[in-house]
Amino acid sequence: MRFFAFLTISILASIIGVATSSAQSVEDDEPDFEFFSLIDDSGSVSADDIVKHCEDSPRALSVETRDLVHTTPHQRVWFSGRQITNVNANPGEWTGAVYKPLCPGLYSFNVDYMTSAEEGATNGEVIVHLHVWHRGGLTRPGELTALAVKTPGPERGTGHASVVVEMATGDEFSLFTLSPGAEKRRFERLQLTVHKVELIAKIARPFNTKAWAQERIDADAVPGAMP
């Protein structure tokens, strides 16, 4: 029965757009296949099994997008550029805009960007918000945990922010941009780097494929979230 559950969940993963590293091979010892093997016939994985799966295993992601233009207030960042690093990716953790870790723990998030006033974009203040959504907490996109600010004046400018936050299984991290007066923002380059600093077993939660897929749909329904 586990084999058939594997096939069913693999198909579901493809339907909901699970992002995995293009550098990964399709061998059974890859992290995504290891996780699929834990899924039972009901489409679930226990919190204890998630902790075991995540023990002694580094997790990291680094992505970049270029020539990004935003024109609406508090608009979500979608990364259409290259994926620099994806270490031990689990299925469904990265959607291109939302980082949703399976492994519970302390996570470090770093954001770096360079703006340009070309093509009618503002040379004023440009801000990137770092949001974390916790289940049972605030509505999406969740609490503002940090912000990166490019100060007004220069035709080109940079912004940077770093934050370390506690992320339970299924919590969500995403970026939104804004400017006073909702002026056009142009990012020559924007990079996000994530890595798990420490596993925290006590905040592991069970995984369920249907609930995970629905949460991804709900995340995309946040105002300003669609590309």
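The legends below describe close-up views of a predicted model.

**View 1. The disulfide between C54 and C103.** The structure contains one disulfide, in which C54 is joined to C103 with an S to S distance of 2.1 Å. The torsion about the S-S bond is about -85°, so this disulfide is left-handed. The pair links distant parts of the chain, 49 residues apart: C54 lies in helix α3 (residues 47–54), and C103 lies in the loop between β4 and β5 (105–116). C54 has a relative accessible area of 1% and is buried. C103 is also buried, at 0% relative accessibility.

**View 2. The open five-stranded sheet.** Five strands form an open sheet in the order β4-β2-β10-β5-β8, with antiparallel pairing. The edges are taken by β4 and β8 (156–167). Each of these two has a single partner strand, so one of its sides is left without a neighbour in the sheet. On average, neighbouring strands of this sheet are turned by 15° against each other, direction ignored.

**View 3. The pairing of β5 with β10.** Eleven bridges connect β5 and strand β10 (residues 185–199), which pair in the antiparallel sense. L106 stands opposite E198 in β10.

View 4. The relative accessible area of N86 is 18%; because buried means under 20%, N86 counts as buried. Its side chain makes a polar contact of 2.8 Å with the side chain of Q83.

Technical notes
Residues are numbered from 1 along each chain as its sequence is written. This is a predicted model: local features need pLDDT of at least 70, side-chain atom pairs count only at pLDDT 80 or more; totals for chains, interfaces and linings use all residues. Side-chain values use heavy atoms; hydrogens and water are left out. Buried means under 20% relative accessible area, exposed over 50%, partly exposed in between (1.4 Å probe, protein chains only). A polar contact is a pair of N or O atoms within 3.5 Å; within protein, one must be able to donate a hydrogen and the other to accept it, and residues adjacent in sequence count only if both atoms are side-chain atoms. A disulfide is a pair of cysteine sulfur atoms within 2.5 Å. Helices (H or I, at least four residues) and strands (E, at least two) are DSSP runs, numbered from the N terminus. Two strands pair if DSSP finds at least two bridges between them. Axes are lines fitted to C-alpha atoms, for helices over the stretch in contact, and angles run from 0 to 180 degrees between N-to-C directions.
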